[in-house]
Protein chains: 4
Amino acid sequence: MDLQPRDTAPGWKRTGYRIIFESDTRAGMAFDVLLLAIIVLSVGTVMLDSVRSISSQYGALLRGLEWAFTIAFLLEYLARLLVVRRPVAYALSWLGIIDFLATIPALAALVLTGSQYLLAIRTLRLLRMFRIFKLGQFVGEGEFITNALKASRYKIMVFLTSVLTMTIVVGTLMYVVEGGQNGFTSIPKSVYWAVVTVTTVGYGDISPVTILGQTLASLLMILGYAIIAVPTGIVSAQMVAPRGPAQPEPAFKLAVCHVCQAAGHRPDAEFCWRCGERL
Amino acid sequence: MDLQPRDTAPGWKRTGYRIIFESDTRAGMAFDVLLLAIIVLSVGTVMLDSVRSISSQYGALLRGLEWAFTIAFLLEYLARLLVVRRPVAYALSWLGIIDFLATIPALAALVLTGSQYLLAIRTLRLLRMFRIFKLGQFVGEGEFITNALKASRYKIMVFLTSVLTMTIVVGTLMYVVEGGQNGFTSIPKSVYWAVVTVTTVGYGDISPVTILGQTLASLLMILGYAIIAVPTGIVSAQMVAPRGPAQPEPAFKLAVCHVCQAAGHRPDAEFCWRCGERL
Amino acid sequence: MDLQPRDTAPGWKRTGYRIIFESDTRAGMAFDVLLLAIIVLSVGTVMLDSVRSISSQYGALLRGLEWAFTIAFLLEYLARLLVVRRPVAYALSWLGIIDFLATIPALAALVLTGSQYLLAIRTLRLLRMFRIFKLGQFVGEGEFITNALKASRYKIMVFLTSVLTMTIVVGTLMYVVEGGQNGFTSIPKSVYWAVVTVTTVGYGDISPVTILGQTLASLLMILGYAIIAVPTGIVSAQMVAPRGPAQPEPAFKLAVCHVCQAAGHRPDAEFCWRCGERL
Amino acid sequence: MDLQPRDTAPGWKRTGYRIIFESDTRAGMAFDVLLLAIIVLSVGTVMLDSVRSISSQYGALLRGLEWAFTIAFLLEYLARLLVVRRPVAYALSWLGIIDFLATIPALAALVLTGSQYLLAIRTLRLLRMFRIFKLGQFVGEGEFITNALKASRYKIMVFLTSVLTMTIVVGTLMYVVEGGQNGFTSIPKSVYWAVVTVTTVGYGDISPVTILGQTLASLLMILGYAIIAVPTGIVSAQMVAPRGPAQPEPAFKLAVCHVCQAAGHRPDAEFCWRCGERL
């Protein structure tokens with residue numbers, strides 16, 4: 001996504017872009033650090049406003065600050081739209097959408113009470129932080145993690161689907177075993193309990209009471225304890241050899257010999273290993 | 001297990017097989033996607049039916065849907081039996097048993113109240129999903145995970161047996177230490193507590209109260225925290241070097257063809273894969 | 001430890017040894033399987049006896065069974081002593097001690113009520129199981145795990161000491177922060193809470209209530225969540241390369257050049273890399 | 001930091017340094033072991049003093065012991081200052097600060113009640129233990145762990161920042177979803193809950209009650225369960241190949257000596273380690 005203004009763009013546009021989007025100049029760095037500070041303060045304000053004892057005392061002040069931050073974000077958003085080469089491309093990019101969402105909730109709160117808490121979505125803007133330290137180690141490290149996760153995504157999806165299937169089956173079993181008692185009042189609740197258990201979170205808001213239920217739960221726990229090794233192994237393997245065992249090219253040809261039906265030929269084999277016939 | 005009808009089978013059988021069992025044709029893909037949707041809806045219906053507030057309002061509708069799904073699964077099961085080459089082999093295969101079990105509970109519920117919840121076993125049919133995406137990455141990734149687990153199975157069994165022995169010993173000790181009080185009312189209950197603790201689930205429905213009990217529990221927790229490294233290490237090691245330290249048998253024959261000097265033959269190859277000469 | 005009787009020992013001794021200690025003959029295998037079954041039954045009996053509702057009904061039967069098992073173990077222990085070459089060496093070995101302890105609690109219970117529960121120590125005898133399957137994969141796998149743990153023992157001790165120090169410091173801090181309230185009634189209790197938290201067990205029998213306490217607890221949790229990577233990494237690294245990075249021979253010579261004081265020479269260097277002087 | 005007194009320093013200073021700071025002489029070893037014992041006893045005393053039932057009975061004795069230990073630590077601290085070459089450098093080093101802090105709380109308690117519990121900071125002195133076993137394996141192992149963590153620090157920071165951002169966003173969502181009820185009384189409390197959940201600690205002091213809340217919580221748990229793989233993978237990868245993918249600078253100079261053809265020189269070597277020739 002190339003947002004940088006053309007060299008033929010007016011000077012204020014190019015200067016603005018450098019300050020707002022880049023951080024390799026003094027002014028750009030200052031802008032980014034200031035922006036980060038405002039984001040942190042803004043999220044802090046929303047959090048404090050939700051604490052009843054603080055809100056009742058300093059409510060007016062906090063609400064005033066929230067409006068000030070909202071206006072600042074709005075202005076910043078408009079400025080970003082102004083200086084980029086293709087405003088629509090920016091507005092539809094991930095960062096653009098987050099920047100936009102950071103301004104909406106306060107406006108929406110004029111109409112709908114409660115939506116101001118969604119201001120906390122501004123926290124996502126903290127991810128900009130990594131951009132600021134772009135010149136440092138962070139981008140590379142972030143990419144290393146992201147790439148390892150991306151390369152493992154099919155494995156992780158297979159794993160999560162299996163775990164999910166397991167929680168549904170075990171959750172239903174527990175609903176039947178505990179007889180709809182002891183918190184296992186419906187299958188969805190029992191599935192929720194199974195997720196709480198298999199992930200080893202274990203709130204204890206729902207826990208089995210019957211002998212059979214506790215035995216089943218023990219099995220689920222030990223399973224959850226053992227299979228946490230799977231995602232860990234996947235990501236570890238990926239990080240140890242980022243390009244190694246992830247996409248193993250097929251070790252054998254998929255074709256079958258038309259004479260002796262033998263399978264398992266080398267990918268580049270031209271003759272059957274069993275009967276010597278041309279494949 | 002070769003279920004595919006012979007080439008001499010009637011046309012409708014071969015076409016039916018392609019549609020129901022394969023997903024490489026348009027109709028086959030459509031069938032599988034439709035089946036998946038019905039499975040998801042069916043499981044959702046059972047779950048909703050177990051929620052009292054929903055069941056009391058829409059009970060009749062939900063029960064009607066369940067019957068519709070059951071009939072659909074029954075017809076599908078019969079169709080599968082019809083088109084495969086060896087119906088008995090299919091009926092006794094894992095997938096065949098799951099397909100059969102998906103139809104039973106609703107019928108059993110006519111006789112035995114409560115058994116309709118076992119319909120949730122239909123969730124297992126979701127595993128078919130991986131078959132549908134067979135052409136994609138999923139089968140390979142699933143096999144990668146399964147193989148790593150399979151290769152580690154002896155190590156994991158040794159590990160789990162050790163953990164289980166430990167929980168029995170510590171559970172009994174806690175029963176003696178806490179004097180049958182504070183939830184540790186019997187050895188099986190104490191062993192259940194030990195499992196909850198060593199797997200770091202920690203419900204808190206039973207927790208030690210005496211100083212000695214808490215000290216012993218702390219030791220168990222730290223042990224559980226440290227030894228989770230063992231299954232993780234096992235699976236990681238397996239995934240890093242899938243064929244490495246576990247089964248060190250050579251993947252290929254070490255011999256070289258005396259005619260074309262090609263290497264990399266299968267261990268049991270009798271003919272060269274490149275020139276077809278007898279090795 | 002060579003327990004096998006000499007070739008000059010009487011025939012019954014050698015035959016007895018083969019049956020009792022080995023499992024490569026038919027009789028030896030039968031003996032071991034029978035022993036395993038008795039151990040499992042014996043542990044099960046003790047567990048059932050601790051459940052009040054069962055004990056009040058079948059108490060006499062269970063106690064009778066326990067005595068039968070105890071006598072069986074006693075006879076077995078004496079038989080083992082009889083057939084080995086050096087009875088003292090066997091009696092002082094790990095397995096010998098466990099075999100002995102399996103008989104003691106029932107006898108002690110004649111004098112001291114409650115000690116019969118220590119019969120559960122018999123569970124440790126289950127570890128014999130691995131001996132029975134000696135011919136299979138298990139011994140090798142067990143050794144693989146044990147060796148990896150043994151090679152990592154210093155690292156794991158350093159890690160556990162660090163974690164323990166951390167829990168004591170954080171536990172004390174929490175005692176001060178929560179003001180001896182909300183379950184944090186003494187420093188040992190607070191340390192117990194810190195262990196429960198850092199290991200991610202999280203019973204919830206004690207949990208922070210003040211804002212400062214919850215903040216501190218959050219930090220401890222995130223720390224515990226992140227550092228679980230350490231033992232896992234240690235064991236994984238050990239298992240991936242069982243002999244690799246564990247005992248890294250010093251990469252550099254420890255000596256210092258007597259002329260220019262330069263350090264970091266190769267282990268086999270004879271001349272200083274900086275000034276060229278003979279070391 | 002070179003604390004060792006010059007060779008020209010008076011004899012008592014050099015002897016004192018050897019005893020207090022080193023542990024390679026008999027007296028030095030004895031001093032260190034004695035110090036360790038006092039540290040352990042001192043921490044134990046503070047812990048016992050915080051238990052009400054013990055404090056009310058043995059309070060005077062415990063307080064007396066605390067003073068004795070404090071005086072011992074004070075004398076030790078002064079002795080350390082006396083024998084080192086540069087007292088200020090020592091006083092400002094990590095170990096110097098910890099040594100100093102070990103004496104302060106008892107003195108502060110004369111003025112401020114409650115501060116005596118901070119004596120537990122003495123626990124940090126236990127880390128000296130590793131110095132005592134310096135000649136053994138421990139320093140190397142500790143360094144191995146520390147280096148692996150140090151090399152992973154950017155990755156771990158990126159990971160923790162992402163997790164933190166996630167907990168703030170999810171915490172706020174839960175505050176809105178649960179409507180400020182069921183323990184989710186403010187955003188900071190909800191964020192605390194999110195941390196408790198994502199780290200799989202799961203106290204259960206706050207847990208979702210609404211269907212939507214439980215669904216959201218389930219997602220967070222599964223996420224937390226899956227992403228624990230990330231720090232584990234990072235540290236594992238680091239430990240498997242301590243110098244591998246992170247800092248790929250060559251450990252040795254690639255050049256070869258033109259006289260003796262020896263390879264494996266330090267990157268900054270100017271002379272051959274085998275023949276002493278200028279490279």
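# Helix contacts and ring pairs in a predicted model

User: In this predicted model, how closely do the axes of H10(A) and H11(A) come, and at roughly what angle do they cross?

Analyst: Two packed helices are described by the angle between their axes and the distance between the axes. The model is predicted. For H10(A) and H11(A), the axes come within 8 Å and cross at roughly 45 degrees.

User: Are H10(A) and H11(A) parallel, perpendicular or oblique to each other?

Analyst: Their axes cross at roughly 45 degrees. Angles under 35 degrees count as roughly parallel, and 65 to 115 as roughly perpendicular. H10(A) and H11(A) are therefore oblique.

User: Which residues make the contact of H10(A) and H11(A), and how many of them are charged?

Analyst: H10(A) brings A:Trp193, A:Ala194, A:Thr197 and A:Val198. H11(A) brings A:Ala217, A:Leu220, A:Met221 and A:Gly224. By class, six are nonpolar and two are polar.

User: Where is A:Thr200, and is A:Thr200 buried or exposed?

Analyst: A:Thr200 sits in the loop between helix H10 (187–198) and helix H11 (211–227) of chain A. A:Thr200 is not a glycine, yet has a positive phi of about 60 degrees. The relative accessibility of A:Thr200 is 6%, and buried means under 20%. So A:Thr200 counts as buried.

User: What is the phi of C:Thr200?

Analyst: C:Thr200 lies in the loop between helix H10 (187–198) and helix H11 (211–227) of chain C. C:Thr200 is buried, with a relative accessible area of 5%. The residue is other than glycine, and its phi is positive, near 60 degrees.

User: How many helices and strands does chain A have?

Analyst: From the N terminus on, the elements run α-α-α-α-α-α-α-α-α-α-α-α. Of the 279 residues in chain A, 48% are buried. Among contacts with a separation of 6 or more, 49% join residues 24 or more positions apart. The secondary structure comes to 12 helices and zero strands.

User: How do the axes of helix H1 and helix H2 of chain B cross: parallel, perpendicular or oblique?

Analyst: Helix H1 covers residues 11–21 and helix H2 covers residues 26–50 of chain B. Their axes come within 6 Å and cross at roughly 50 degrees. That makes H1(B) and H2(B) oblique.

User: Which residues of H1(B) and H2(B) make the contact, and how do they divide by class?

Analyst: From H1(B) come B:Arg18, B:Ile19 and B:Ile20. From H2(B) come B:Ala27, B:Gly28, B:Phe31 and B:Asp32. They divide into four nonpolar, one polar and two charged.

User: How many aromatic pairs are there over all chains, and how do C:Tyr17 and C:Phe21 pair?

Analyst: A pair of aromatic rings is described by the distance of the centres and the angle of the planes. The count comes to 24 aromatic pairs over all chains. C:Tyr17 and C:Phe21 lie 4.9 Å centre to centre, with 15 degrees between the planes. Planes under 30 degrees apart count as stacked, so the pair of C:Tyr17 and C:Phe21 is stacked.

User: Where do C:Tyr17 and C:Phe21 lie, and are they buried or exposed?

Analyst: Both lie in helix H1 (residues 11–21) of chain C, four residues apart, about one turn of the helix. C:Tyr17 has a relative accessible area of 8%. For C:Phe21 the value is 9%. Buried means under 20%, so C:Tyr17 and C:Phe21 are buried.

User: What kind of aromatic pair do D:Tyr77 and D:Tyr90 form?

Analyst: The pair links distant parts of the chain: D:Tyr77 is in helix H3 (residues 52–83) and D:Tyr90 in helix H4 (residues 87–92), 13 residues apart. D:Tyr77 and D:Tyr90 are buried. Their rings lie 6.1 Å centre to centre, with 40 degrees between the planes. The pair is tilted.

User: Which ring does the charged end of B:Arg80 sit over?

Analyst: In chain D, D:Arg80 lies over the face of D:Phe21, at 4.9 Å from the ring centre. In chain B, the charged end of B:Arg80 is 4.9 Å from the centre of a ring. That ring belongs to B:Phe21.

User: Which residues does B:Leu124 touch?

Analyst: B:Leu124 lies in the loop between helix H6 (104–108) and helix H7 (129–132) of chain B. At 26% relative accessibility, B:Leu124 counts as partly exposed. Residues up to four places away in sequence are not counted. B:Leu124 touches A:Thr165, A:Val169 and B:Ile98.

Technical notes
Residues are numbered from 1 along each chain as its sequence is written. Chains are lettered from A and ligands numbered from 1 in the order in which they are written. This is a predicted model: local features need pLDDT of at least 70, side-chain atom pairs count only at pLDDT 80 or more; totals for chains, interfaces and linings use all residues. Side-chain values use heavy atoms; hydrogens and water are left out. Rings of Phe, Tyr and Trp (its six-membered ring) pair if their centres lie within 6.5 Å; planes under 30 degrees apart count as stacked, over 60 as edge-to-face and the rest as tilted. Helices (H or I, at least four residues) and strands (E, at least two) are DSSP runs, numbered from the N terminus. Buried means under 20% relative accessible area, exposed over 50%, partly exposed in between (1.4 Å probe, protein chains only). A charge sits over a ring if NZ of Lys or CZ of Arg is within 6 Å of the ring centre and within 35 degrees of the ring normal. Axes are lines fitted to C-alpha atoms, for helices over the stretch in contact, and angles run from 0 to 180 degrees between N-to-C directions. Angles under 35 degrees count as roughly parallel, over 145 as roughly antiparallel, 65 to 115 as roughly perpendicular and the rest as oblique. Contact means heavy atoms within 4.5 Å. Ala, Val, Leu, Ile, Met, Phe, Trp, Tyr, Cys and Pro count as nonpolar, Asp, Glu, Lys and Arg as charged, and the others, Gly among them, as polar.
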